[in-house]
Amino acid sequence: MRNPKMGRGWEGFGPDPYLNGEGAYETIMGVQSVGVQACAKHLIANNQEHWKYGLSANVDDRTMHEMYFYPFLRSIEADVASVMCAYNRVNGTSSCHRAGVLGPDGMLRKAGFKGYVVSDWGATHDSAAENANNGLEMEQPGDYIVVGGGVFGGNGLRRAVNNGEVSQARLNEMITRIIAPFYRFDQDKDFPATNFDAQKRDGSGPKNLRVNVRSNEHTALVREIASASAVLLKNNRTTTTGAPTGATVRGLPVALDRIKTIAVIGQDAKMPKLDCNEMGECNEGTMSVGWGSGSNSLEFLVPPIDAITSFAGSSATITSSLSNDLNAGVNAARGKDVAFVFVNAMSGELAFYAVVHGNMGDRNDLDLWWRGGSLVERVAAVCSNTIVVVHSVGPVSFSWSNHPNVTGIIYAGTPGEQTGPSITDVLFGNYNPSGKLPFSIADNEDAYGTKIVYNSLGFPEINYDEKLLLDYRYMDANNIRPRFEFGFGLSYTTFAYSGFSLSQSGTSYTVTFTVANTGAFSGAEKPQLYLAYPPSAGEPPKVLRGFEEVILNAGASSRVSLTLSQRDMSVWDVPSQQYVRPRGTFGIMVGASSLDIKWTTSVTV
């Protein structure tokens, strides 16, 4: 996520390369553990939807390796089966036949990648020989589809082999790399038979068997993931006793036995429109996922209004205004014990130049859609216990967050089909939120240091002049304090850090410390490890280098260890084309976020 308005940023893990790498590694290990091939995408520097079918991302070698290739390096270390090359050009050459990225001596193979490279749909250009000889194994879908493609298809690859432009050895290598994962994952043994026909999406034909693979366990897991991912940004809680152990009067978690009237406000609380074509290209109702090829069917989605209504039962009277009409929202909220306001912002894939409510893939701005910010302010003016739930694909404006009547804010991201039950669990205390922001939330786009290129005479040349400074790295370097920083997230309980120590083993360093749950609720903390390089290294002021989840009952504590490897402390050295640890003094920090640093020490190497 080079820019917070990036259309497909919600499909990744944010702007930090280390976090993206760990997210990719764990995802691949999970997917492939059950015999399914994973595909890491989109290689490389694929960071906006506008002009993506031909723009050139111009990136220097060090930035390329440390920022944009690092997540692919971790994917390779997870032994990913395949990698998808991107639509955009890289330093002037198509991503799908850039030898320096895909070729025998390119970044991918030198890092140990053993799988196959597949093109994005129609991302191939020029000749079959150029693509095959420079590292592409599989072209999708094979035909020309306006934006490109049709290079291997239409007998293009066959002719290149017959003409001697692509060797038989290279063809055999391509085939081997494609077929090998099929056997590696035992997909030839007791693997589920094909039971759908992607060419007949209406469900017709003998191959569409309508097999239902859903289960109660699946639903429960999806619900838990959504609850665990919720980020508590604000909680001005007051209780009956004035102590944390008392029942909630204002704020979170809501004590249902003390609430008699509830308002549920905003179109983001209702069932979404389902007939928005196969890409989900609309935002009319609750937002659970962005649009595009990474979207999914919303058929089984449970919206917040249904889940809250079911949970409250006859214990409270619920009034709803399931639109973003400001006056209707005010009327619903006035005099209520609590008002839940649901707001959102959406983005997605450019696809065939789809414009969704005025946005063409990338968002136009950082505003909440449908006047969401105004809705919050108007509701808060008449309800002293206004709790806001934000469903969003990335950072949005929180200009209203300091309103005294906004007692709680939850950033719920893109939670999936169990959006209603999962947020209900959080709102009413059945699940203590433990999410941390994977990006910073600032008051304007200038705080991020990058731009989306919307207007251009032809495909633009986009120079990555910010180099290593994205998000909190840029903000730290420019003394910009965001509204909510990278790694931030509150809990219904409180945590204390103590007992820090640093040990060395070979070229690695390990920080050990204690995290204690000092509050009234069971919960989970996520301590984070940051590294500051010697000034001569030319790195950002600090970079993320580790994190852990610590689950604790109230009053409990646990020892935590976070390790810095030699590579964690290294930078990409362009002349030697390898990671090298610079000499000098390193700062080592442990914190609850990028700005809430609990302990700092240093080592000299």
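I take buried to mean under 20% relative accessible area, exposed over 50%, and partly exposed in between, with a 1.4 Å probe and protein chains only. The model is predicted, and I kept local features at pLDDT of at least 70 and side-chain atom pairs only at pLDDT 80 or more, while totals for chains, interfaces and linings use all residues. Residues are numbered from 1 along each chain as its sequence is written, and side-chain values use heavy atoms, with hydrogens and water left out.

Disulfides. I looked for pairs of cysteine sulfur atoms within 2.5 Å and found that the structure holds two disulfides. In one, cysteine 85 and cysteine 96 have their sulfur atoms 2.0 Å apart, and with 100° about the S-S bond this link is right-handed. It joins distant parts of the chain, 11 residues apart, with cysteine 85 in strand β3 (residues 82–85) and cysteine 96 in the loop between β5 (93–94) and α3 (99–102); strands are DSSP runs of E of at least two residues, and helices are runs of H or I of at least four, numbered from the N terminus. Cysteine 85 is buried at 0% relative accessibility, and cysteine 96 is buried at 0%.

Cysteine 276 is joined to cysteine 282, S to S 1.7 Å, and the torsion about their S-S bond is about 55°, so this disulfide is right-handed. I noted cysteine 276 as buried at 8% and cysteine 282 as buried at 10% relative accessibility.

Cysteine 39 is in no disulfide, and the nearest cysteine sulfur, that of cysteine 85, is 9.2 Å away; cysteine 39 is partly exposed, with a relative accessible area of 35%.
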